[in-house]
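Thanks for coming. Please have a look at the structure before I start.

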Amino acid sequence: MRLGVCYYPEHWPQANWAADARHMAETGITRVRIGEFAWSRVEPEPGRFDWGWLDKAIEVLHDAGLGVILGTPTATPPKWLVDQMPDMVAVDEQGRKRGFGSRRHYCFSHPGYREQAGRITRAYAERYGNHPAVIMWQTDNEYGCHDTVISYSDAARLAFRDWLSDRYKTIDALNSAWGNVFWSMEYRSFDEVDLPNLAVTEANPAHWLAFRRFSSDQVVAFDRAQVDILRQLSPGRDVMHNAMGFYTDYDHHDLGRQLDCVMWDSYPLGFLEMFRFSDADKRDYVRQGHPDIAAFHHDLYRGCAADGRWGVIEQQPGPVNWARNNPAPLPGMVRLWTLEAMAHGAELVSYFRWRQALFAQEQMHAGLLRPDGKAAPGLGEAAQASADIAAIQGSGELPNAEPVKEAAIIFSYESEWVTATQPQGEDLSALWANFTAYTQLRKLGLNVDIVAPGTDLSGYAMVVLPCLPIVADGLAEQLASFSGQIIIGPRSGSKTAEFSIPDNLALGPLQAIFPAQVSRSESLRAGVTHQGDGWAITRWLDHLESDAERELVSDDGMVACWKSANVRYCATWPEGEVMAVIAARAAHDAGLAAVPLPEGMRLRKAGKLSFLFNYRAESQAIPEALQGQMVLGDRLLPAAGIAVLRTV
Amino acid sequence: MRLGVCYYPEHWPQANWAADARHMAETGITRVRIGEFAWSRVEPEPGRFDWGWLDKAIEVLHDAGLGVILGTPTATPPKWLVDQMPDMVAVDEQGRKRGFGSRRHYCFSHPGYREQAGRITRAYAERYGNHPAVIMWQTDNEYGCHDTVISYSDAARLAFRDWLSDRYKTIDALNSAWGNVFWSMEYRSFDEVDLPNLAVTEANPAHWLAFRRFSSDQVVAFDRAQVDILRQLSPGRDVMHNAMGFYTDYDHHDLGRQLDCVMWDSYPLGFLEMFRFSDADKRDYVRQGHPDIAAFHHDLYRGCAADGRWGVIEQQPGPVNWARNNPAPLPGMVRLWTLEAMAHGAELVSYFRWRQALFAQEQMHAGLLRPDGKAAPGLGEAAQASADIAAIQGSGELPNAEPVKEAAIIFSYESEWVTATQPQGEDLSALWANFTAYTQLRKLGLNVDIVAPGTDLSGYAMVVLPCLPIVADGLAEQLASFSGQIIIGPRSGSKTAEFSIPDNLALGPLQAIFPAQVSRSESLRAGVTHQGDGWAITRWLDHLESDAERELVSDDGMVACWKSANVRYCATWPEGEVMAVIAARAAHDAGLAAVPLPEGMRLRKAGKLSFLFNYRAESQAIPEALQGQMVLGDRLLPAAGIAVLRTV
Amino acid sequence: MRLGVCYYPEHWPQANWAADARHMAETGITRVRIGEFAWSRVEPEPGRFDWGWLDKAIEVLHDAGLGVILGTPTATPPKWLVDQMPDMVAVDEQGRKRGFGSRRHYCFSHPGYREQAGRITRAYAERYGNHPAVIMWQTDNEYGCHDTVISYSDAARLAFRDWLSDRYKTIDALNSAWGNVFWSMEYRSFDEVDLPNLAVTEANPAHWLAFRRFSSDQVVAFDRAQVDILRQLSPGRDVMHNAMGFYTDYDHHDLGRQLDCVMWDSYPLGFLEMFRFSDADKRDYVRQGHPDIAAFHHDLYRGCAADGRWGVIEQQPGPVNWARNNPAPLPGMVRLWTLEAMAHGAELVSYFRWRQALFAQEQMHAGLLRPDGKAAPGLGEAAQASADIAAIQGSGELPNAEPVKEAAIIFSYESEWVTATQPQGEDLSALWANFTAYTQLRKLGLNVDIVAPGTDLSGYAMVVLPCLPIVADGLAEQLASFSGQIIIGPRSGSKTAEFSIPDNLALGPLQAIFPAQVSRSESLRAGVTHQGDGWAITRWLDHLESDAERELVSDDGMVACWKSANVRYCATWPEGEVMAVIAARAAHDAGLAAVPLPEGMRLRKAGKLSFLFNYRAESQAIPEALQGQMVLGDRLLPAAGIAVLRTV
Ligand SMILES: [Zn+2]
Ligand SMILES: [Zn+2]
Ligand SMILES: [Zn+2]
């Protein structure tokens, strides 16, 4: 695994560049991402290009032996372009234009901007496509950041109608698929279809789902245009894009399929503060992040990458600026995060950013260097990580060589679109059902891959569908021939591809592997539970008509888990103790050697190596069940400590 | 009392209809509501009508012996109509058009849409007005649902100016009535008056009150046009409309006056989750609903009906789809709700809906049948209720024959408009003051009617005005001649008809029956109380200048209740223990035999019958004070249990 | 000190005026503010003036011996003016016009409205500029009330571009100052610059800061135009404006510089309810207000006044109408608030309003009289205060004669603009850092002045900068020559004048007096603390590189307070126990005789007089350390009690 860094030469005097590059190399860094926000410097006026400074910057980095990852600057079109085409911006759900002044001020459906994005991509690629320093491209930056995938613009409306016409062919087919007879919502032509926002009350969920699919497709098509240009003009270089955390507005499986490599931007402390973690987690892990945040995304994005190539292109190196509160990482966490990515098979961990900016929106975002150019705490940890990587690689075991397959989670982006459109209960989200199920599997010490429907499942002992409302064609058949243990979570198989209820009710196609119908579903407010023996039914309860075994039954007779042959159905929300019990039983039946880990400790197995990570702020010992030769660290892991064992 | 059901033949194959109709009849159902969302099927293109399917559906229902309640489809104008008149939609308080894509996408003030609504109503009435199956009409559906009474459209502004000109005659009269000298708000002509939204800070409360009255009048006039057409073209049939729960944006007394019958839509579990109940109530009654939700509306809407004819046209039969959380009713609750409506004098309880839809917005809303056509739990309870009704009616006592009058609450819709415009304290609402006062009266086992100002009060032993800021002409005189006990709640008589302070201060005209002036009012944040003996002053405190007796005085000398002759003044918010004490004293003085009921048990007396309902999830015994012959059930009521006693 | 009252003769029959004026005079009132909302009565139609009633009103007041403070009516332009220039209104951040119907419906940048404001001011001044009754003018009313300083109108955009051009001269200078190279935000001309709202995500903080400065300057310029007219046409009269509480949208130091006197509007109960006080404070002081609300503003606005002349032009006399909850003051509080203003040096306390209005928006706002004209509780307290003032003045000590200087807080309005734009942690506000620091100083019994940067500091023993991100030129030098104790709070010196990070990092220029660099800052969510000995680090932590002494170190080694020579650096948020400890140490080192006061008691020293105020609802004794001759009251202060001691 290599180390990299994100760098903005345009923010600093040219005189600094060479020293910066040398300093990077000394730290163990070999890759530098640049250029992705530099449009106004590359093309200060329409058609007038100023390449000189960028030529120089690339040369300086090259001279220091650094490989350049060059970003296309399409996330930040300059003001003159917006003034030329004022309708190129996205429109929010309330109908307001989302204007210039920050970034991502464009609508994916605007034909004029698509053309301009192609033009500037081509200009970048023509200039640097064959430059020996340039070894990888990044398309744009963080598609969807600041809620920009979904736009309610005129351009989007027109494009949506075309997309609908392509998908449904006739308006009758659309009316029938969506059930538009309901509430007299029938259309007479595609030209009558508007976007689903600003209806009096909620629009048809099928309308929303189509619009979410369309919006995702627009991102993929926008990206595709850049990928095609870069492949043509920069042969032999990889193309990647940087995904965000806990983000589902476009289908990353679709995007990953057209890239060489999927990267993501890892900010564990910001994510902990801003997303759906408990107050206790937000307090206990305030300087570490919840122990599954980074790993979940490593495993998710590895599953999005066509050939399994992935990495972290932005790694938090200190406090950030964008969360509600912005604490500093516990000493050791920057190193821990780096090595955890290695354990999960990353090819790159790149820190964001080299030096903290003096000005503008991200001036409070830490870098490896302070704004005055002196070392920030992250720099030493990056250097230490570089040494650790060398030591681990020197042990003769390559972490990525021999994947250890244990459990696979099947996740689809559509799942989240379904639950976001129709949660039916407070805060119920398919993505988070996947996260909480993942957590319970990981607490057992299992390796977990998160895969798209259709992925080859051979080699796994266990498959989990935490919440998969729409079951793609063929999945039920594939699962029927899977001989390991299967856990199906609530709402799975409850929707057709067009967001209606299957004629045979839930579990729909999954009835082929589990003999049950969901006769009724209910959502339960916080505090309403059915207590079992050390677990409880909370938030959701599917009532089944089934001859399956009632494996977990609450004191008042409600069934939390049903079992039939090698399949379990979790009828309540897949989180907490009830999921822990189900996961442990399935792992046992699957013959997996679960190793219950202490609170906040996590394990990842890679070939013969076992990586252990201590997310707690106190030291903790490795469980006795794990034995081997110490490659790194000790059996007593300090706060933010790491150990690597080699199985003998 | 009859049972009915809401049915959407257009959602299902014609081949199913006959079997559905038979199945309904077997369940004990004799009424079916249809047609109210079917405009796009009846008139798929402008002027082209397709009646065939509806002719057939009505025939099939008729053949099964079912009476049809036919709804005009004006709540769901088709897309082609909206595209013809894009300005027919309502505009929200922020100025955004409320577009097509769900339902109720029209502004009550739009002249073009009024014409279209008349046209389609006439078409329905011409076709089916004399059909023997059609025994009742429903106008539109749930006026005001999704916050649609109040529209800030251009059409509304123009109509409002006309309305003002009719009401005030001269602009000087308006300026004077509203006190527009304040802050230089004076107008020179009606054409200068805008709607009260989007002012820099709050608009004149008199401006708001006029706009609320206007908005309510627009609903009544819109409805009136349909009523007139239906009465003309469908002689001998009843006309009703379906009201919602906890909804006050139009004056239901005004609407009720022009209808034959007032129906309402009863969703106790959804209402519990979405409205102002405590967390404890939301937990304890999660599967039952608060025990006063259904009864309060029964008693309220009975008071809105011209001749006291009312019913439940939509009864929750299982989980719904529209609340934040959607649990299933406790077994027995669907039957309990049905029989409680009977006890309060309903002529119909109709379940919503027959069969759960496979598609669109309400696909997660339960029906009596599941989406696959098999029986859902509600079906058996409806059948049981049908048998119970027969048994009760067979006892020789008709519940509605001899009303038992005990306490009357006087409520006006204007009260809520006043407190919503000027709450003066957090969450203070006249409607909810009525609800909490009602609850305390009901816990004493009293029959409570909720009536409009001006209703004949003879026969009552007790009258309660929980919060009546504007006292209509004549009411004080009427109360002066009332010889029973009177309770006046806070803010009553504190406003003139034009939302100013009476010259003689509060209690304004009520000083004729209670010798006091409110010299000062204060609102108290949660946690700020004046403790009394087992009760407390909370949320509101009126300070009185009065020689009346200080009946309830707090430890620190504040007066919670004043008494003069047969009238009490409750100077704090009429809820909880303090209202319980005041209600009990007044009931005692009124000579009413209060029967304090166990938590969650409720009583309704009808003729010689006493109905008891147990809303708790545990069994509870009927209090010893209640004796009689068991017509239904036992003295130990199970969870969700019902008993009927006959006084001998 | 004089007493005054706000009066609206236009709301009452002329027949009442003479009696009202007599009644005021009998109460001890000598000043009356009128006219500030009367435009529609003075100019009922464009160009047609009706002065008769106002001539009469002034005459009547004059005849009763009352001095008139006349307000220009520009806060309430009449409807006919708005209809003439519909674009004169402000536009909110979401792009919605803020229309007629209440008050303050104008944009400070609109040239047409500026002209009209000048025209009506001139008309008022020509008519009454030399009237013997008129002794003072108020410009407009509460600039900024209802969030009206910042407008996103077209007029504002054009004016902003001009302002930018004046400030930066060239667009390159602006691009460089703001760091617009970041995210390609560079402009090619001033005409490309838009307002910072409605950007996709947050705009450049430098863009916001410039817009905040511009918006403040527009207010000052708007006011300046009126001041110039009034000075020209009404020679010898004072001009003042009435500021609000906890309000920072314009720079009150700038405004104060052009006025003769700064007045403010004091509503302690409303402010307690609506602003950032703890639930415990909101409960314990519900009828008194937090004991520092009034004093903080007295000391703040005295520091804004050019010659230190200030007063309270609107004093809460009972419950108000505009807070979430509106309790009544504890008996005695109206008197207490009045005398506390005297202790802090006010020249006037004027109650708002004389008589509670019968109609319109403020009908629930108490006056000295009830709506029916009888005395409200505030009237007696005003009369008592009048007698008390006479008694105190009769003691031979003029409170304002000899200011007692102890501690000075340095506050700038820009500080709050910086923290509001970039809080970096939840609810972190420079204004509130100043308030909480002020509270801790006051609990030690110290006199505290709140001054603008640049104010002469001679005479003070102690200077505190609770949170001063931008350090104005010259301040560091001034502090270097200050020999007393200095406390510097977090984030001070962390920003340049253009909202970037200083090249030498924080403390920027303050490194001249404190040898430290802030190497890293972190914000901490509620519940995350570093415990010290009786104090804790909460909400914020600056990590320093410094050789300074670590004066307060937490159990886990974090430094809460650093000390070097006469300067302390408070590295955590300056509130609660940690600020109490730091303040006490600095006061001790400064040689100030701190007198720790009982909870809720406050002290203000004026000349030889010591005023003591008991904000608790229970009686409390004056601390033994305070001795002297009783001028007013006793050593045991009752609830809401006052005592005045004379040092011998
Ligand atoms: Zn981002
Ligand atoms: Zn509804
Ligand atoms: Zn104000």
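**Domains and the A–C interface**

I begin with the domain assignment of chain A, which gives domain 1 at 1–259, domain 2 at 407–589 and domain 3 at 613–646. Keep in mind that this is a predicted model. Taken over C-alpha atoms, the centres of domain 2 and domain 3 of chain A are 33 Å apart.

Now to the contact between chain A and chain C. Chain A contributes 60 residues and chain C contributes 46 residues. About 4,500 Å² is buried between chain A and chain C, and carbon and sulfur atoms give 53% of that area. Which three residues supply more than any other three of the area that chain A buries against chain C? They are Gln361(A), Met364(A) and Arg370(A), and their share is 14%.

Next, the polar side of this. Across the interface of chain A and chain C there are 30 residue pairs in polar contact, counting pairs with both residues at pLDDT 80 or more. The rule also finds six salt bridges across the interface of chain A and chain C. One of the salt bridges across it joins Arg41(A) to Glu186(C), with 2.7 Å between the closest N and O atoms.

Which elements give two or more residues to the side of chain A that touches chain C? In chain A these are helix H2 (39–42), helix H4 (79–84) and helix H11 (279–284). By residue class, the side of chain A that touches chain C has 23 nonpolar, 16 polar and 21 charged residues.

That is what I have for today.

Methods:
Residues numbered from 1 in each chain as written. Chains lettered and ligands numbered in written order. Predicted model: local features only at pLDDT ≥ 70, side-chain atom pairs only at ≥ 80, totals over all residues. Heavy atoms only, no water. Contact = heavy atoms within 4.5 Å. Buried area = accessible area lost by both parts, 1.4 Å probe. Salt bridge = Lys/Arg side-chain N within 4 Å of Asp/Glu carboxyl O. Polar contact = N/O pair within 3.5 Å; in protein donor to acceptor, adjacent residues only side chain to side chain. Helix = DSSP H or I, 4+ residues; strand = E, 2+ residues; numbered from the N terminus. Nonpolar A, V, L, I, M, F, W, Y, C, P; charged D, E, K, R; others polar. Domains from an automatic or database assignment.
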